[in-house]
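Hi,

Here is the structure I promised to pass on. Please open it first, then read my notes below.

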Amino acid sequence: NERGMTAAILADGASPNVRTDRRRFDRILANLIDNASAHGAGVRRIVVERVDQDVLVHVDDNGPGVPEQDRAGIFEPFNRGSKTDRSGSGLGLAIVVEQARLIGAQVSVGDAPGGGARFTVRLHDTTAWN
């Protein structure tokens, strides 16, 4: 694909059918993948899981993770974190949050299993599943 990801990275987890704005969701996922590539040493995996009636999409990266004190601020416009690599405009994650809000989803960041950052998009109240 255009982001150089293998099928193994893309095909981890559940296979839900979710009713949402595809254009906005594509933008969310593309920005998270681009962010992992630029600041997290690349995407390690993308995991999709169902929790009750919600769908969670996790994007795990290979980087050092996001320090807890930086987690809330990285979603603000023009914030580029406290790392020494301060490239980019600081808008990618702010766009993710805004697009998620418009489709009724939430975005968070935590630690990925095995290290790195895990960005999670939670799509609420989904009902159509394979």
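What percentage of the residues of the protein count as buried? Of its 130 residues, 40% do. Buried means under 20% relative accessible area, exposed means over 50%, and partly exposed lies in between (1.4 Å probe, protein chains only).

Two notes on how to read this. This is a predicted model, where local features need pLDDT of at least 70, side-chain atom pairs count only at pLDDT 80 or more, and totals for chains, interfaces and linings use all residues. Residues are numbered from 1 along each chain as its sequence is written, and side-chain values use heavy atoms, with hydrogens and water left out.

Overall layout

The protein has three helices and five strands. From the N terminus, they run α-β-α-β-β-α-β-β. Helices (H or I, at least four residues) and strands (E, at least two) are DSSP runs, numbered from the N terminus.

Strand β5

Start with β5, residues 117-123. Six of its seven residues are buried. β5 runs antiparallel to β3 (residues 54-61), with six bridges between them. It also runs antiparallel to β4 (residues 105-111), with seven bridges. Two strands pair if DSSP finds at least two bridges between them. In β5, Arg122 stands opposite Leu56, and Ala117 is the bridge partner of Asp111. The hairpin of β4 and β5 has five residues between the strands, and Gly114 there takes a positive phi near 85°.

The core

Which residues touch the most other members of the largest nonpolar core? They are Leu32, Phe119 and Val121, in a core of 25 residues. At least two residues come from each of α2 (22-39), β2 (43-51), β3, α3, β4 and β5. Helix α2 gives the most, with five. A nonpolar core is a set of buried Ala, Val, Leu, Ile, Met, Phe, Trp, Tyr and Cys residues joined through side-chain atoms within 4.5 Å. Leaving aside neighbours within four places in sequence, the contacts of Phe119 include Leu32, Val57, Ile74 and Leu93. Contact means heavy atoms within 4.5 Å.

Charged pairs

Side chains of opposite charge can pair when their charged atoms come close. A salt bridge is a side-chain nitrogen of Lys or Arg within 4 Å of a carboxyl oxygen of Asp or Glu. By this rule there are seven. Here are three of them:

- Arg22 and Asp26 meet at 3.5 Å, N to O. Both lie in helix α2, four residues apart, about one turn of the helix. Arg22 is exposed at 64%, whereas Asp26 is partly exposed at 40%.
- Asp60 and Arg45 have their closest N and O atoms 3.2 Å apart. Asp60 is in β3 and Arg45 in β2, so the pair ties together parts 15 residues apart in sequence. Asp60 is buried at 0%. Arg45, Asp60 and Arg118 are linked in a network of salt bridges.
- Arg122 and Asp54 meet at 2.9 Å, N to O. This pair links β5 to β3, 68 residues apart. Asp54 counts as buried because its relative accessibility is 12%.

Where is Arg71? It sits in the loop between β3 and α3 (92-102). Arg71 counts as buried, at 15% relative accessibility.

Best wishes
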